[in-house]
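Subject: Handover of a structure

Dear colleague,

Please find the structure below, with its sequence. My notes on it follow.

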Amino acid sequence: MSKDLSVTVAGVRFPNPVIAASGTYGFGQDYTDLYPLNKLGGISCKGTTLEPRNGNPAPRIAETPAGMLNSVGLQNPGIDMFITGYLPQLKKDGNVIIANIAGATLDDYKQAVERLDGTNVDMIELNISCPNVKQGGASWGITCEGAASVTKTVRAVTKKPLMVKLTPNVTNIVDIAKAVEAEGADCLSLINTLLGMRIDIKTRRPILKNNVGGFSGPAVFPVALRMVWQVANAVDIDVVGMGGITTAADAIEVMMAGAKAIQMGTAIFTDPYSPLKVIDGLEKYMEDNNLDSLEEIVGTVQPW
Amino acid sequence: MAFYCDSYTILKKEEIADGIFSYIIHCPEPVSSAKSGQFVHIKAEGYTLRRPISICEIDKKEGTLRIVFEVRGAGTDKLSQLEVGDKMDMIAPLGNGFTIKELSSDKTVIVVGGGIGVPPMLGTAAEYKDKNKVKAVLGFRSKGRVILEEDFKRVGAETAVCTDDGSYGEKGLVTFPLIEELEKGKAAMIYACGPTPMLKAVINTARVYNIPCEVSLEQRMACGVGACVGCACNIRKGGRDFVLRVCKDGPVFKAEEVVL
C-alpha cells in the first residue's frame, strides 16, 4: 500500500515533506548518480547572490562531536547562471525547486528576486541568516528591523511564495519571525547554522580559515526543535523545520513541533541516502498510525 | 564518471607501518570505472563526516580496490578497527584521477610521492607497467614511515627512497632524485602527491625542465561529490582565477594551474 506523503507549504505542493537544505545539495546535479532528484520532496538550491562569489578561503570544513562547521561563505555562480544554467534542467525533471537568495544590500536582494520572478521556480527562500559573510559586522537576520526590511523589499517585487530562513544566532527568534510575517512572508524556514569554532591545539590556529563558521548536524537538533516549536506557536504562516534532522523520528518530532515540511543537510554528507530513508520511515509511520496525510501530525505536540 | 554508495566487503587488511593500514575491498561496481588518482569517501561509524582516502591500487579482474591510510585522528582510528569480512561504507570512485598518456616507449614517467601521498602514486605507476620506464621517487620522514617500496618494484618502477633524517635511503628531499632523473632527458610526464612544500618544489622543478606535471591536492572535505563546495582550492587558468572543488574538479590538477 502506498501512501500520499504530500504536504502543502504556502500553497506549494511538495510530493513529500523532505527537502534538501540549501548549501548541502548544490544545484541538484551532484547526487544524481545515486538516485533521481524527484524522489525528494524538493530541493533548496545553493545560496545564490546577484553576482558570482568565490566564498571564503579554505579550510572551510571542520568536524565536531555529532556535527560539523562550515565557512563556505556563499560561493556561487550568480543569479543569472542559476536561472539559465541550472533551473531549466531542474524543472524539466519535475522537481519542486526553491531558490535560496542572499545579498549584501537590499538592492542585491531586490534585483536577484526580480530576475527570479519571471521564472518557473516554485518558491524563493530568503537567506538572511548566513553566518559566514560579513555585512557591516552583522547579517540582516539578527534584528527585527533588518529582517523586516529585506522581507518588505522583496515582497514588493515578487508574487512567488516567499520563505524567509531564520538564524538561531539571536536573542529571541520569535520576535524576528513575527517581524518577517508582518511584512508579508508566506512561510518561514529555520534554523540556519549556529555560529561555532574549533581550534587545532597543535598549531593554536582555528581549523577554519574564517576562524568561525556555521555549526550543523545532529548536535544542534534539540535547539532547532525548540525554536521550531516556539516560532510555530507564535506565527500563523507555515514553518519548515531543519537543523540536525537525521532520521524519520527526528522529522516527525519537528513536524509535531509545528513544521509542515523539513529540510535535511548535514545528514546527507554522512549518508547520501538519508533523505530517502526518512521518506520511507515517514510512509511507514503513516501506515502504522493510519494517517491519510502527514499534515495530521503537524503541531500536535501536547506540551506539559 | 559514475559513482556508487554502498557497503563493500573487506578482503584483506594489513598494518604496513606503525599506524598505516592497507585494505583490499571487493567493490566490482566502483572498480569498473575507477582510475588512479581518484578517491573513496568512507563512513566512520559514529562520525558525521566521511574520510576521503585516495585509491592506491585497482584490480579490475578481481573487482577490488586497495586503499592505504594513516591513522591521524579518532575517525581514521575508527576506520582502522574494521577487520577482514567487515563492510566498508564507501562513496566511490570520486574525483577526476590522473591523466594517463600514450607515450613512445623510450620515454620515462616520474611519480613523486611524499608520506601518505605515496599510495595513489602506486596505481599510477602500475598504469605504465610494460609500456614505459617508471621512476618512483618516494619521500618519508624516517625509516619507520617507509611504505610500499616493494610494491613499486612489483609494478616495475625503478624506485628511489628518501628520508628527511637519512635513516633509510637517501637523506634529503625528493627533488634531488627527481632532478637526477630529469637530467637524463627522457622524462615525458610527472605525477605528484604529498605535502604542500613538496608539491611546490615538484611544480617548480617541472616548470624549470618544462615537463608536463599533474598534482593531487588535499583539503578538508564534507560531501565529497561537489555539492557543498567545502573543499576549495585556488586555480589560475588563462590568466583568470577560479575557486574550484578539490573533490569534483580535482583532486588532480595541472601543475601550472595550481596556486598553493
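Domain bounds here come from an automatic or database domain assignment. This is a predicted model, in which local features need pLDDT of at least 70 and side-chain atom pairs count only at pLDDT 80 or more, while totals for chains, interfaces and linings use all residues. Residues are numbered from 1 along each chain as its sequence is written, and chains are lettered from A and ligands numbered from 1 in the order in which they are written.

The two domains of chain B

For chain B, the assignment gives domain 1 (4-94) and domain 2 (108-216). Taken over C-alpha atoms, the centres of domain 1 and domain 2 of chain B are 23 Å apart. Contact is counted between two residues whose C-beta atoms, placed from the backbone, lie within 7 Å. By that rule, 14 residues of domain 1 of chain B are in contact with 13 residues of domain 2 of chain B.

Which elements give two or more residues to the side of domain 1 of chain B that touches domain 2 of chain B? They are strands E1 (4-17), E4 (51-59) and E5 (64-70) of chain B. Helices (H or I, at least four residues) and strands (E, at least two) are DSSP runs, numbered from the N terminus. E4(B) gives the most to this side of domain 1, with five residues. The residues of this side comprise eight nonpolar, three polar and three charged. Here Ala, Val, Leu, Ile, Met, Phe, Trp, Tyr, Cys and Pro count as nonpolar, Asp, Glu, Lys and Arg as charged, and the others, Gly among them, as polar.

Cis peptide bonds

In chain A, the peptide bond from A:Ala58 to A:Pro59 is cis, with omega near 0°. A:Pro59 sits in the loop between strands E4 (42-44) and E5 (61-64) of chain A. In chain B, a cis peptide bond joins B:Gly250 and B:Pro251, with omega about 10°. The loop between strands E14 (240-245) and E15 (252-254) of chain B holds B:Pro251.

Positive phi values

A:Ala66, a residue other than glycine, has a positive phi near 55°. A:Ala66 belongs to the loop between E5 and strand E6 (67-70) of chain A. A residue is buried if 20 or more other C-beta atoms lie within 10 Å of its own, exposed if 12 or fewer, and partly exposed in between, with C-beta atoms placed from the backbone. With 8 other C-beta atoms within 10 Å, B:Asp130 is exposed.

Yours sincerely
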